[in-house]
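Q: I have a model open and would like to go through it piece by piece. Can you take my questions as they come?

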Amino acid sequence: PDCLRQARSDPGLIACIWRRWPRLRPMTSLLGNTATARFELPSTDSPWQVAFGAPSKLGRCLSPRTFLAFRVLLALFWTGITIWSMVDHKANDLETAPEFYIYLTNWSLLIEWFYLVSATFVTRMALRNPKRTALDGAPSKTPLFARITYAAQVETYVLSFFVFVLYWALVYDGGTIH
């Protein structure tokens, strides 16, 4: 309650929210003042190289190199899908080619492509130097490109779900699938 009384432009509001509700730290750091709030990976006990350099529990049978190869193949596949979608849209009608960017489905396609390419890059960086530390020997802070990739991952999951729900709720009319 005390936090809500502070002005919205006050950077102390983010710090107050962090103290009162620690589970909101990732969300407030994305929205807040970067001088008072830093976006770090949720597992702060392990460096970013561990989070991006190895597969999750679902893919634990993969070695880190195989995981990287899988990411490369997925990024290349999605690049092909993105190019095909753009060419197909433009081939249908040259006058409406700029309309490609007004559809939420196409925006989600581009954001997913960005995530997959950046996740491949971050995985490569994590495998290239897995024990990167600061000058004092402490683990290095999460670099900007890893934070952007993590945010894009969250956006991709949410956006894909909403496109799925909106298509079946608003666009599909019970006939053939377009």
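Q: To start with one side chain: is Phe 162 buried, partly exposed or exposed?
A: Phe 162 is partly exposed, at a relative accessible area of 44%. Buried means under 20% relative accessible area, exposed means over 50%, and partly exposed is in between, with a 1.4 Å probe and protein chains only.

Q: What should I know about where these values come from?
A: This is a predicted model, in which local features need pLDDT of at least 70, side-chain atom pairs count only at pLDDT 80 or more, and totals for chains, interfaces and linings use all residues. Residues are numbered from 1 along each chain as its sequence is written, and side-chain values use heavy atoms, with hydrogens and water left out.

Q: What is the average pLDDT of the protein?
A: The average is 75, and 62% of the residues score at least 70. pLDDT is the predictor's confidence in each residue, from 0 to 100.

Q: Now the fold. How many helices and strands are there?
A: The protein has 7 helices and 0 strands. Along the sequence the pattern reads α-α-α-α-α-α-α.

Q: What share of the residues is buried?
A: Of the 178 residues, 31% count as buried.

Q: Which residues make up the largest nonpolar core?
A: That core has 9 residues: Ala 75, Trp 78, Phe 100, Leu 109, Leu 110, Tyr 115, Leu 116, Ala 119 and Ala 152. A nonpolar core here is a set of buried Ala, Val, Leu, Ile, Met, Phe, Trp, Tyr and Cys residues joined through side-chain atoms within 4.5 Å.

Q: What other core is there?
A: Another core, of 7 residues, lies apart from that one and includes Trp 48, Phe 52, Met 125 and Tyr 150.

Q: Back to Ala 119. What is it in contact with?
A: Ala 119 is in contact with Arg 71 and Thr 149, leaving aside neighbours within four places in sequence. Thr 149 is one of the buried residues of H7.

Q: What does Ser 108 touch?
A: Not counting residues up to four places away in sequence, Ser 108 touches Leu 159 and Val 163, both of which are buried in H7. Ser 108 sits in helix H6 and is buried, at 5% relative accessibility. Its C-alpha atom is 6.6 Å from that of Ser 160, 52 residues apart along the chain.

Q: And Phe 67, buried or exposed?
A: Phe 67 is buried, with a relative accessible area of 10%. Phe 67 is in helix H5, and the residues it touches beyond four places in sequence include Phe 52, Leu 62 and Thr 123.

Q: How many aromatic pairs are there?
A: The count is 5. Rings of Phe, Tyr and Trp (its six-membered ring) pair if their centres lie within 6.5 Å; planes under 30 degrees apart are stacked, over 60 edge-to-face, and the rest tilted. Phe 121 and Phe 145 have ring centres 5.3 Å apart and planes at 70 degrees, so that pair is edge-to-face. Phe 121 is in helix H6 and Phe 145 in helix H7, 24 residues apart.

Technical notes: Contact means heavy atoms within 4.5 Å. Helices (H or I, at least four residues) and strands (E, at least two) are DSSP runs, numbered from the N terminus.
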